[in-house]
Amino acid sequence: MGEMATAAGVLGADLHNKVNNSKILVVGAGGIGCEILKNLVLSGFKDIYIIDLDTIDVSNLNRQFLFHKQHVGKSKAMVAKESALKFNPNVSITAYHDSIISTEYGVNFFKQFNVVLNALDNRVARNHVNRLCLASGIPLVESGTAGYEGQVELIVKGKTKCYECSPKAPQKSFPGCTIRNTPSEPIHCIVWSKYLFNQLFGEEDGDEEVSPDTADPEAAANAGESAMATDANEKGNVERTSTRSWAQSNDYDPEKVFTKLFHDDIKYLLSMADLWKERRKPSPLIWSSIPEIANNGQSTGQGLKDQKVWSLKECVEIFSESCRNLSAQFKKLPEGDHMVWDKDDVDSMNFVASCANIRAHIFNIQRKSRFEIKSMAGNIIPAIATTNAIVAGLVVMFALKVLQEELEKCQCVYVRSKPNHKLQQIVPEKYLSPPNPKCAVCSPKPEVTVRLDVNKQTVKDFVEDVLKKSLNMVAPDVMLMPSGSIIISSDEEEMDISRLALTLADCNIIDGSMLEVDDFLQNYNLTVKIKHREPGRDDPLFDVIADPDLLKPTEEAESDKNGSKNGEGDAKGYEDDDDDLIMTVDDEQLVIPGSSSTKRKVEEEASVPVKKRRTGNSNEMLATPVEDDDDIAIIE
Amino acid sequence: MVKDAPIELTEDEAQLYDRQIRLWGLESQKRLRCARILVVGIQGLGAEVCKNIILGGVKAVTMLDHENVTEEDLCSQFLAPTTAVGKNRSAASLERAQALNPLVDVKVDTENISDKTDEFFTQFDVVVATNCPVKELLRLNAICRNADIKFFCGDVFGFYGYFFADLQIHEYSEEVTVAKAVKPQTNNNKKQKIEEEKVTRKGSSIFVPLHDVLDIDWTSDEYKQKLSKMDSTFFLVRILQCFRSEVNRNPKAASIESDIELLKSIRDKELAKMNVNTDKVPDSLFQMVFAQLSPVCAIVGGVLAQEIIKTVSQKDAPHNNMFFFNPNNHLGQIFCLGN
């Protein structure tokens with residue numbers, strides 16, 4: 001009773017009453033979620049729902065303060081509930097150890113809440129909750145942190161921009177040729193090693209090849225040689241069998257795997273002489289005579305083993321050991337199952353770190369410590385207790401204002417690592433940002449244009465890569481207009497499975513076709529215009545453009561690029577994530593109402609010729625899906 | 001103060017502090033773990049500060065509070081169990097505070113801060129004072145100046161909060177980004193590229209004691225100019241500090257009406273003394289100064305704890321010298337006052 005009087009005292013009777021009678025959903029029980037939950041129970045919120053599918057890891061404990069060592073491995077949502085109840089036993093907390101992207105949490109589930117608070121660590125779930133809140137008309141407070149920086153914004157349908165109104169910085173990606181043939185930076189070797197992990201033990205992905213790319217146009221000075229290379233490829237040599245079946249047929253013998261990857265393949269690359277006219281040649285390694293090469297003379301963290309740069313010999317030993325351990329684990333899996341790379345799994349991480357360093361040595365690239373490689377491979381956005389506490393405090397301040405119906409006071413707020421010139425560290429925008437009328441999600445009649453090769457893209461790729469991965473749908477139905485014929489049905493019984501292997505053109509989807517796409521779970525309808533395009537060397541296999549005006553000025557630049565025939569998609573950089581990240585909050589990214597968001601990087605890109613610029617995702621395009629959009633983790 | 005940190009981290013520490021080491025570096029973490037901190041006043045704000053620095057991995061935290069847990073504490077003080085009302089605040093907070101991080105030495109002191117002699121403070125690198133009368137703050141600040149101890153004080157009143165820092169002369173290093181021209185690697189891009197490079201540079205910051213801020217002449221040309229831009233929170237905090245000195249407690253919800261009347265009369269008197277118009281602190285603000293609002297403690301306590309971490313790790317420029325959080329527009333701003 002006492003604490004009721006207290007909450008009433010601090011909040012005032014009116015607000016206290018609203019808080020007392022509200023029902024609130026917290027999505028995520030990580031760094032921000034723990035802090036939000038504490039603030040809610042202390043401030044008198046009586047009916048709180050929290051959901052998180054994650055379990056507790058040791059590296060969470062420095063900030064996710066509702067968890068202690070004895071909780072490692074347990075459900076975040078459940079432990080958070082138990083700990084928060086101790087702060088105030090008189091409230092009701094309903095906890096779900098589950099993914100918010102599940103059919104159980106549809107529009108009707110969302111409709112029961114007064115406000116939804118996001119405390120997520122990835123863009124896919126943020127997009128999904130954004131759509132459900134728009135569809136159910138519930139205000140959403142979105143938040144995130146990256147290191148010392150953070151951001152909180154209110155999203156209300158029709159009143160503010162939604163989470164997807166301004167395109168997010170795209171995932172950093174690298175051309176396949178750089179990864180496979182001509183790495184020049186540590187990150188190229190790390191990306192290659194993660195691909196290798198997937199090729200050997202994970203989900204095999206055609207875009208994640210690790211063998212030499214014989215179709216690299218740079219390898220041939222003229223078309224004749226290029227044709228020869230292609231010919232060689234099709235005749236079938238090492239490239240012909242998949243890396244995995246090759247490794248399996250050799251029982252994952254570390255020496256054989258090593259020799260293929262770090263000797264034979266390198267020899268093969270050397271035979272592509274044109275690649276090395278301007279580049280330093282790689283040096284193949286021989287298993288039986290690994291040179292004595294210490295750690296590049298750079299030893300950073302004296303005592304800690306993760307901080308040391310391994311000698312080449314150590315790399316080979318660690319490679320052998322992790323390769324053996326991983327193949328043993330892999331063999332135990334049921335037929336057809338695969339492993340998932342995890343930065344916190346010792347063998348998975350050792351495998352990637354050792355392979356990346358061996359490849360780096362071969363290509364005369366500086367080797368890195370396991371600690372540094374983990375940051376880059378795991379795309380870790382470091383999260384700390386203080387920033388999370390500040391952001392979670394702001395989130396609950398927003399929630400209080402939503403209950404008081406003071407939406408106009410909830411301008412987007414940025415937490416800065418350093419104060420701005422006015423000495424402001426926690427900085428609200430001046431105005432509420434209005435919705436983007438061209439938003440592919442919250443505009444009244446959303447529409448996007450997808451550019452792809454209708455003769456090559458299969459229906460399956462279109463569903464998986466374009467609709468699900470890029471446009472973040474969960475269970476899309478697709479109708480070809482104006483006939484209304486069903487191309488894809490989310491109901492498996494209605495879906496003709498054989499159609500999946502057909503190309504879009506086989507299904508009469510051609511340049512200029514209009515598709516009506518409907519995601520039942522998200523209550524999201526989208527018109528998709530198809531534009532036929534054969535992608536060039538460094539182009540992604542498809543791109544999605546939300547603003548049709550953007551198509552016009554770039555088309556000419558596009559046309560002279562289509563000469564080259566090899567359509568290797570961009571190597572996908574990283575996905576994975578860590579923590580409580582969000583959108584990055586550089587100064588440059590502050591969004592000024594009425595203008596599009598700009599980031600320094602994008603402006604730099606604008607200064608290079610238009611042709612080149614198309615290969616990087618333009619600012620206005622919808623980014624390909626990423627868990628992490630953050631440069632911080634990538635830049636050393 | 002924080003000397004060279006020769007001790008290496010253990011593998012356990014490296015694992016626990018993995019994420020923050022990736023952010024502020026190994027050297028900062030080592031310095032952090034040598035720091036001994038005194039936190040005076042373990043209400044909502046004090047609890048937030050303790051939580052953040054204990055999680056961060058300082059060497060030792062002493063929680064000092066001679067008062068008992070009140071019902072008002074329950075809406076922001078999460079370290080003391082709800083059953084502890086009537087028991088000493090710092091003692092009641094020990095168990096949960098220690099559970100946040102077993103590697104930190106968490107200590108309890110239940111004596112009144114005003115009974116502590118000068119020598120007591122020499123065992124600390126940083127002193128953080130909350131819920132103290134101004135007279136006591138001035139005394140602590142002076143002791144810290146003499147003993148070369150970094151001094152912070154702050155409070156949360158309802159929806160409002162602030163803190164003040166006196167780090168005397170503070171030296172630090174910071175990473176800055178400079179542009180650097182790089183040669184093209186292949187003939188593909190002949191153009192010279194400009195790349196950004198991070199370099200470390202040293203800086204220093206000079207602070208003034210608290211009485212310089214309290215003694216500001218708001219009729220002087222310099223401060224007359226600043227007045228219009230001054231956040232109301234600054235003056236509100238002054239009024240609340242006077243209230244505390246006058247009746248030896250903070251405003252209480254139980255006596256809300258008479259307390260608001262008293263606050264108004266203190267405002268009229270104090271602002272007149274400073275020659276500041278009373279509409280700088282409108283009546284409506286006084287409704288929002290009771291107890292401590294948990295999210296505001298989190299915000300002010302988060303910024304304050306980060307300043308402590310910055311100070312002991314001697315990394316990055318500290319806020320010089322006052323921080324205010326305005327709950328109406330969510331603005332958190334630093335003011336350099338009294339310099």
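The legends below describe close-up views of a predicted model.

**View 1. The interface of chain A and chain B.**
The size of an interface is often given as the accessible area lost when the parts come together. Here chain A and chain B bury about 5,900 Å² between them, and 60% of that area lies on carbon and sulfur atoms. On chain A, 69 residues are in contact with 69 residues of chain B. Between the two chains there are 17 residue pairs in polar contact, with both residues at pLDDT 80 or more. The elements of chain A that give two or more residues to this side are helices H1 (2-11), H3 (31-42), H4 (76-87), H14 (370-377) and H15 (385-403), together with strand E9 (424-428). H15(A) gives the most, with eleven residues. By residue type, the side of chain A that touches chain B divides into 29 nonpolar, 21 polar and 19 charged residues.

Side chains of opposite charge can pair when their charged atoms come close. Across the interface of chain A and chain B the rule finds three salt bridges, while the count over all chains comes to 47. Lys38(A) forms a salt bridge with Glu48(B), and the closest N and O atoms are 2.4 Å apart. Lys38(A) also meets Glu35(A) in a salt bridge, at 2.6 Å from N to O. How many residues apart are Lys38(A) and Glu35(A) in helix H3 of chain A? They are three residues apart, about one turn of the helix.

**View 2. Strands paired between the chains.**
Strands of a sheet pair through backbone hydrogen bonds, either parallel or antiparallel. E9(A) is joined by two bridges to strand E10 (residues 331-335) of chain B, and these two strands run antiparallel. In this pairing, Gln424(A) stands opposite Gln333(B) in E10(B).

**View 3. A six-strand sheet in chain A.**
Six strands of chain A form an open sheet with mixed pairing, in the order E12-E11-E13-E14-E10-E15. Strands E12 (485-488) and E15 (542-545) of chain A stand at the edges with a single partner strand each, so one side of each has no neighbour in the sheet. From one strand to the next, the twist averages 30°. Within the sheet, strand E11 (residues 476-481) and strand E13 (residues 514-519) of chain A run antiparallel and are joined by six bridges. Asp477(A) has Asp518(A), in E13(A), as its bridge partner.

**View 4. A helix across the sheet.**
Helix H16 (residues 459-470) of chain A lies across strands E10 (447-452), E11, E12, E13, E14 (524-532) and E15 of chain A. H16(A) runs at about 45° to E15(A).

Most residues other than glycine have a negative phi, and most peptide bonds are trans. Which form does the peptide bond from Met481(A) to Pro482(A) take, cis or trans? This bond is cis, with omega near 0°. Pro482(A) sits in the loop between E11 and E12 of chain A. In chain B, a cis peptide bond joins Asn320(B) and Asn321(B), with omega about 10°. Asn321(B) belongs to the loop between helix H11 (294-313) and strand E9 (322-326) of chain B. Asn523(A) is not a glycine, yet has a positive phi of about 55°. The place of Asn523(A) is the loop between E13 and E14 of chain A.

Conventions
Residues are numbered from 1 along each chain as its sequence is written. Chains are lettered from A and ligands numbered from 1 in the order in which they are written. This is a predicted model: local features need pLDDT of at least 70, side-chain atom pairs count only at pLDDT 80 or more; totals for chains, interfaces and linings use all residues. Side-chain values use heavy atoms; hydrogens and water are left out. Contact means heavy atoms within 4.5 Å. Buried area is the accessible area (1.4 Å probe) that two parts lose on being put together, summed over both. A salt bridge is a side-chain nitrogen of Lys or Arg within 4 Å of a carboxyl oxygen of Asp or Glu. A polar contact is a pair of N or O atoms within 3.5 Å; within protein, one must be able to donate a hydrogen and the other to accept it, and residues adjacent in sequence count only if both atoms are side-chain atoms. Helices (H or I, at least four residues) and strands (E, at least two) are DSSP runs, numbered from the N terminus. Ala, Val, Leu, Ile, Met, Phe, Trp, Tyr, Cys and Pro count as nonpolar, Asp, Glu, Lys and Arg as charged, and the others, Gly among them, as polar. Two strands pair if DSSP finds at least two bridges between them. Axes are lines fitted to C-alpha atoms, for helices over the stretch in contact, and angles run from 0 to 180 degrees between N-to-C directions.
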